[in-house]
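I opened a new notebook page for this model.

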Amino acid sequence: MQVMRRFVFAALSVLALAGCSHPAPPQGRWEGTYESDDTMLAARLEIEPDGQVRVSAPDLLDVGPDDRDAARERLASDLAAAWDQVAPRKMDFDGETFRKPGGIAPQMVWKAKAKQMFLVVYIGTRPSFQIALHQVGDFSENPFS
């Protein structure tokens, strides 16, 4: 009887510890773009095997209708040129939402069932918005194409 109690206690302890463990973030690469009447943005995201996150999302504001093609080319070029300098950083991940360590504001949202990643974007004093990213094996030269 004593052995059985110890076994049950050990099994419950293992389950309790497993429930407290942090979920592993998804690994891979994602990219996406955003366009509105006056704003354009191109984004890259990489989550490394150790859970470190690299993200870059250059934006252009006040883009006029005649400047859109040039703006897409500039954003794609800026994104590709700066990617090697983007340092990986740790993020807190609760199984769905990524936050800066100890932070409150969401940075990314992962919908595991749909395998969909969203980047939360904050530009100045504007309300935040989410960009749906698509997973890629390798980043493209121009995410707008």
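**Ground rules.** I am reading a predicted model, where local features need pLDDT of at least 70, side-chain atom pairs count only at pLDDT 80 or more, and totals for chains, interfaces and linings use all residues. Residues are numbered from 1 along each chain as its sequence is written, and side-chain values use heavy atoms, with hydrogens and water left out.

**Cores.** I looked up the nonpolar cores, meaning sets of buried Ala, Val, Leu, Ile, Met, Phe, Trp, Tyr and Cys residues joined through side-chain atoms within 4.5 Å. For burial I used relative accessible area: buried is under 20%, exposed is over 50%, and partly exposed is in between (1.4 Å probe, protein chains only). The largest core has 18 residues. Leu-45, Phe-98, Met-117 and Leu-133 touch the most other members. Strands S2 (39–47), S7 (106–111), S8 (116–121) and S9 (129–136) each give two or more residues to this core. Strands here are DSSP runs (E, at least two residues) and helices are too (H or I, at least four), numbered from the N terminus. Which strand gives the most? It is S2, with four residues.

I then followed Leu-45, counting a contact as heavy atoms within 4.5 Å. Leaving out residues up to four places away in sequence, Leu-45 touches, among others, Trp-30, Val-53, Trp-83, Met-108, Met-117, Leu-133 and Phe-139. A second, separate core holds eight residues, including Met-40, Ala-42, Val-63 and Ala-71.

**Salt bridges.** I count a side-chain nitrogen of Lys or Arg within 4 Å of a carboxyl oxygen of Asp or Glu. The structure holds 10 of these bridges.

Arg-126 pairs with Asp-38, their closest N and O atoms 3.6 Å apart. Arg-126 sits in the loop between S8 and S9 and Asp-38 in the loop between S1 (28–35) and S2, so the pair ties together parts 88 residues apart in sequence. Arg-126 is partly exposed, at 34% relative accessibility. Asp-38 is also partly exposed, at 28%.

Arg-72 and Asp-69 form a bridge at 2.8 Å, N to O. Both lie in helix H2 (residues 68–82), three residues apart, about one turn of the helix. Asp-69 is exposed, with a relative accessible area of 55%.

Salt bridges that share partners join Arg-29, Glu-46, Arg-54 and Asp-138 into one network. Are Arg-54 and Glu-46 buried or exposed? Both are buried. The closest N and O atoms of that pair are 3.0 Å apart.
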